[in-house]
Amino acid sequence: MSRPLTLGQARRIAVAAQLLDRSAPRPSRPTMAHLQRTIDRLGVVQIDSVNVLARAHLLPLQARLGGYDTALLERATRGTPARPRRLVEYWAHEASYISPRTYQALRWRMDSPRMQRRDERLWREHPQTMAAVLEIIGAEGALTAAQVHERLGHHSGRREHWGWNWTVAKEALEAHFARGRVMAAHRTAQFERAYDLPERVLPAAVLAEPVPDRPTAVRTLVETAARAHGLGSVRCLADYFRLPVAETAVAAADLTAEGVLEEVAVRGWDRSLVLHTAARVPRRTRARALLAPFDPLVFERRRLLELFGMHYRIGIYTPATQRTHGYYVLPFLLGEQLVARVDLKAERDRGVLRVRTAFAEPAAPAETAAELVAELRELAAWLDLERVALEDGARGDLTGALARELTA
């Protein structure tokens, strides 16, 4: 029989598993050890070029660590011979930073029909370019697509629509990246991938280990997802690394039989769930965080709705006239509930963190505005912005209370 849990317990488990509980004080100056603990627990940090506040992958770490130095993440993704990379990039939950061992656990994805079809088409249509880019990367290493196509004499041509305007060299590099022949050595300041050979990116210790077979790899990924979630359905666990649901179900059943996972039931839910047996079940949580649109806690929208009662959309992919809450909307977590959502923009030239909309959730407590302003000020300080201010004509039922708190 499944162990019963209340909805409140499920929320607190999820918040604690994601390292968002502030019951223990945050480090005053987060170190690489703090960063490592966080990325070990999350398992995946989604990468995105959106820079309305900061690069999207920087924000989930700020929500957990506070005012950390982003140079820590830069060091973790570059590495040195003496200090191998802690993070590499691949298609995990979309383009993501993951550990080198997780990268090896995703090697089966490199042979998927989707990856193979594009690869085979490019070898058929552009065999010389496919071979040439590998030769150039092998000889020079850590080059961007722009640098490679300059060496090949390729030109981008005229942009004719909103989509990607890739050269053949860029397509070739992305095909090789997908199949694991090259890796991202780092991202440039312009957010371009610099490509290199795997043996110059992966740590030697990881290269020396055997690559896990697909069932073993999926089991590892499912266990990582379960630890990061605390509890969830098979669908939640599959979504974390974009795994096939059927294979996820098999892995979850195996992990349950081994005692790594436990079957639980949340009152009022009509589907089975599993709990990671290492998950904490706090009696209360002191969480307070602004959650970026690509934060792991909000990855799976159905789970977010069932756990926290929030029907969430980012806004950046919605036409302006159809946006209900704004463009770059962040849910605000307080305690064990999502109590508000705000549309934010960093106006760096003016030193202002601008609040464009602010909406309270139905059950938002009286202290929501005060707590939100405190969190906004922490975010502004981390972004090196001097103040928080409401936009003229800011929308939302929370703007009046925010204005009073900001002037108090």
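What follows is a short exchange about a predicted model and the terms used for it.

Visitor: How much confidence does the predictor place in the protein?
Guide: The mean pLDDT is 93, and 97% of the residues reach 70 or more.

Visitor: Which residues have a pLDDT that stays under 50?
Guide: Residues 156-164. For them the model has six contacts beyond four places in sequence. Where pLDDT is low, the predicted coordinates should not be read in detail.

Visitor: Why are helix 7 and helix 9 called roughly perpendicular to each other?
Guide: Helix 7 (residues 127-140) and helix 9 (residues 168-179) pack at about 75 degrees. Angles of 65 to 115 degrees count as roughly perpendicular. The two helices therefore fall in that class. Their axes are 9 Å apart.

Visitor: What makes the contact between them?
Guide: Helix 7 contributes Thr129, Met130, Val133, Leu134 and Ile137. From helix 9 come Val168, Ala169, Ala172, Leu173, Ala175 and His176. By class, that contact has nine nonpolar residues, two polar ones and no charged ones.

Visitor: Why does Val15 count as buried?
Guide: Buried means under 20% relative accessible area. Val15 has 0%, so the label applies. This residue is found in helix 1 (residues 7-17).

Visitor: Which residues is Val15 in contact with, leaving aside its neighbours within four places in sequence?
Guide: Leu20, Asp21, Thr285, Ala287, Phe308, Leu333 and Gly335.

Visitor: How far apart are Val15 and Glu367 in space?
Guide: They are 20 Å apart, C-alpha to C-alpha, and 352 residues apart in sequence.

Visitor: Phe191 and Asp384 each have a positive phi. Is Phe191 buried or exposed?
Guide: Phe191 is buried, because its relative accessibility is 13% and the cut-off is under 20%. It lies in the loop between strand 6 (183-187) and strand 7 (193-196). Its phi is about 70 degrees, although Phe191 is not a glycine.

Visitor: And what makes Asp384 exposed?
Guide: Exposed means over 50%. Asp384 has a relative accessible area of 70%, so Asp384 is exposed. Its phi is about 60 degrees, and Asp384 is not a glycine either. Its place is in the loop between helix 15 and strand 15.

Visitor: What makes strand 11 and strand 15 edge strands?
Guide: Strand 11 (288-290) and strand 15 (387-395) each pair on one side only. They belong to an open sheet of five strands in the order 11-12-13-14-15, with mixed pairing. Neighbouring strands of this sheet are turned by 30 degrees against each other on average, direction ignored.

Visitor: How do you know that strand 14 and strand 15 pair?
Guide: Pairing needs at least two bridges. Strand 14 (residues 352-360) and strand 15 have five, in the parallel sense. Val355 has Leu390 of strand 15 as its bridge partner.

Visitor: Which helix lies across these strands?
Guide: Helix 15 (residues 368-382) lies across strand 11, strand 12 (329-334), strand 13 (337-347), strand 14 and strand 15. It runs at about 60 degrees to strand 11.

Visitor: Why do strand 2 and strand 3 stand at the edges of their sheet?
Guide: Three strands form that open sheet, in the order 2-4-3, with antiparallel pairing. Strand 2 (45-46) and strand 3 (88-92) have a single partner strand each, so one side of each is left without a neighbour in the sheet.

Visitor: How many bridges join strand 2 and strand 4?
Guide: Two, in the antiparallel sense. The cut-off for pairing is at least two. Val45 stands opposite Tyr97 in strand 4.

Terms used:
Residues numbered from 1 in each chain as written. Predicted model: local features only at pLDDT ≥ 70, side-chain atom pairs only at ≥ 80, totals over all residues. Heavy atoms only, no water. Axes fitted to C-alpha atoms, helices over the stretch in contact; angles between N-to-C directions. Helix = DSSP H or I, 4+ residues; strand = E, 2+ residues; numbered from the N terminus. Parallel < 35°, antiparallel > 145°, perpendicular 65-115°, else oblique. Contact = heavy atoms within 4.5 Å. Nonpolar A, V, L, I, M, F, W, Y, C, P; charged D, E, K, R; others polar. pLDDT = per-residue confidence, 0-100. Buried < 20%, exposed > 50% of the residue type's maximum accessible area, 1.4 Å probe, protein only.
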